[in-house]
Amino acid sequence: MTDKKVRVRFAPSPTGGLHLGGVRTVLFNYLYAKKHGGDFVLRIEDTDQTRYVEGAEEYILDCLKWCGLHPDESPVAGGPYAPYRQSERKPLYREYAERLVMEGHAYYAFDTAEELDKNRKEIPNFQYGLAYRHTLRNSLSLPQHEVDALLDAGTPHVIRIKMPEGETVSFNDMIRGYVSFETGLVDDKVLLKADGMPTYHLAVVVDDYLMKITHAFRGEEWLPSAPVHLLLWEYLGWKADMPQWAHLPLILKPDGHGKLSKRDGARLGFPVYAMNWFDAKTGELTPGFRELGFLPEAFLNLLATLGWNDGTEQEIFTLDELIEKFSIERVNKSGAKFDFEKAKWFNAEWIKKSEVDRLKSDVIKVFADKGVTVSDNVYLTKVITLIKDRVVLLPDFYQQAGFFFEQPREYDLNAVKPKWTDAKTAFYHAFIALLTNEAAIEAHDLEAKFKALAEEKGLKVGDVMLPFRIMLVGGKFGPHVFDIVALLGKEETISRIEKALVELTPPAP
């Protein structure tokens, strides 16, 4: 396949939110395609209409857009192998399913749901396959004339693959190496459902062939289905065109025990979806990384390092660097534990390294969500420059810098009020007078004058510095005090000192 143009695909079902494991699958597909000058295809696998959720397809597209992983071909972008929704390709699947029946590789099964449930209850570990297929209602067990009569009468039926007895099927996984399966241990999967829709097993093979997919990367949970797909590629005469496969390791719970789930996120207090997902059927809102305050660059960076590394100590990668360095052979076989603290570290590092202009729209939105309108672009630039190294998640910009745009609504005075004295009140009145006479505010110069004044008044600098910070920001946080003063300006600084002194100074008797 080395002479063919690389073509990869991500084929999600529109049944709900997009798990971070799904986005990692997108990312690895995308990186591989772009590294090799290939195409990244988005195909919507909406054949299970009972699980279809309104809005889920748009949500998937929005997630990929937020991440900057733009498909070359998709239901929206179009492409030479359209349509890219399986529900719109429904008529073509029956042709291949019927062909498999005609050639003896599949069969009609007329069993009702009630009959199958009865078997599952009565037979331990029941599988519709080699051991029981001849005792059930299908075209292998029934006389031909009865099968014809059932078909002519329009009796509901499915088409199942006929798994062979005593064969071994194998393939070379790009991550796991040589993998083999005994066919007799695999049940006869349904290929075409009673409503004429294909199952994943048939549709993925037909679509990968018709769309000329060269490499198929998917989660390791699909590994048990591989023998069915291998046989379908062979039975349909397409084995020479079968894509190279790579089954990606699971993203595990933080303790390493089992696959990370939505419930784990809810229990442990972090998101597992790329973006907020609202399920209109249940009314449930599942939080996402975007709304929590992650940059998409950081989100992709952390996903890339879940199960992959480039062999160096480097941890921070741009998307272009990931494309350059990515190798599927360096993806681990074992699962990767998810560490939310590490995820937040990635975000903090990305905020630090981001240019101010990159952050502005996000920061403006953070303030808008708090009811604060930011209109002075130059002032905002200075605030972001001063604060961004202290921020972990985007909403922290409000917590760390909200005081630059509005005076503190309350003060954390518990640490200073018990030790307040008239001498301190006098100091701040003297400092107000000093500020009033300053022509320009320069942080270093003003700090020196503040300290000199404290010494002149017989006060320790520490005893007046903490109250000053609280007067300006409302609490014991924020950047260097005199950098804050330099940005606020002398009029605003004086206003805040006077406002805080009212709360600190007891009324005259």
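**Note on the structure**

1. β1 (7–10), α1 (20–35), α6 (200–210), β8 (215–219) and β11 (277–279) each contribute two residues or more to the lining of the largest pocket. Helices here are DSSP runs of H or I of at least four residues, strands are runs of E of at least two, and both are numbered from the N terminus. The element that gives the most to this lining is α1, with 4 residues.

2. Some remarks on the basis of these values are needed. This is a predicted model, in which local features need pLDDT of at least 70 and side-chain atom pairs count only at pLDDT 80 or more, while totals for chains, interfaces and linings use all residues. Residues are numbered from 1 along each chain as its sequence is written, and side-chain values use heavy atoms, with hydrogens and water left out.

3. The domain assignment divides the chain into domain 1 (7–74 + 204–250), domain 2 (90–192), domain 3 (262–353) and domain 4 (357–504); such bounds come from an automatic or database assignment. Taken over C-alpha atoms, the centres of domain 2 and domain 3 are separated by 39 Å.

4. On a 1 Å grid over the protein atoms alone, a pocket is an open set of points with protein on both sides within 12 Å along at least five of seven lines, whereas a cavity is a set where a 1.4 Å probe fits but cannot get out; lining residues have an atom within 4 Å of a point. Grid points are joined across faces, edges and corners, and a volume is the space filled by probe spheres set on the points.

5. The lining of the largest pocket comprises 43 residues, and Pro12, Ser13, Glu221, Trp222 and Lys259 lie nearest its centre. By class there are 16 nonpolar, 14 polar and 13 charged residues. In this scheme Ala, Val, Leu, Ile, Met, Phe, Trp, Tyr, Cys and Pro are nonpolar, Asp, Glu, Lys and Arg are charged, and the others, Gly among them, are polar.

6. The count of cavities of 30 Å³ or more is 1, and the largest cavity has a volume of about 50 Å³. Its lining is formed by Arg9, Val204, Val205, Asp208, Ala216, Arg218, His229, Trp233 and Trp245. Of the elements involved, α6 gives the most, with 3 residues. The lining divides into 5 nonpolar, 1 polar and 3 charged residues.

7. Helix α7 (residues 226–235) is mostly covered, with 9 of its 10 residues buried. Buried means under 20% relative accessible area, exposed over 50%, and partly exposed in between (1.4 Å probe, protein chains only). The buried residues of α7 include His229 and Trp233, which also line the largest cavity. Just after α7, Gly237 has a positive phi of about 80 degrees.

8. The UniProt annotation "binding site", from an unreviewed entry, covers Lys262; annotations of this kind may be inferred rather than shown by experiment, their feature names are shortened, and positions follow the numbering used here. Lys262 is found in helix α8 (residues 262–268) and counts as partly exposed because its relative accessibility is 32%. Beyond its neighbours within four places in sequence, Lys262 is in contact (heavy atoms within 4.5 Å) with Val272, Tyr273, Glu284 and Thr286.

9. Backbone geometry deserves a separate check. Most residues other than glycine have a negative phi, and most peptide bonds are trans. The bond from Ala82 to Pro83 is cis, with omega near 0 degrees, and Pro83 is in the loop between α2 (56–67) and α3 (90–102). Asn125 has a positive phi near 55 degrees; this residue lies in the loop between α4 (113–122) and α5 (144–152) and is exposed, at 76% relative accessible area. For Lys212, in the loop between α6 and β8, phi is near 55 degrees.

10. Residues 373–501 carry the UniProt annotation "domain: Aminoacyl-tRNA synthetase class I anticodon-binding", again from an unreviewed entry. This stretch is 61% helix and 0% strand, and its end C-alpha atoms are 28 Å apart. Thr425, in helix α16 (residues 422–436), is buried at a relative accessible area of 11%.
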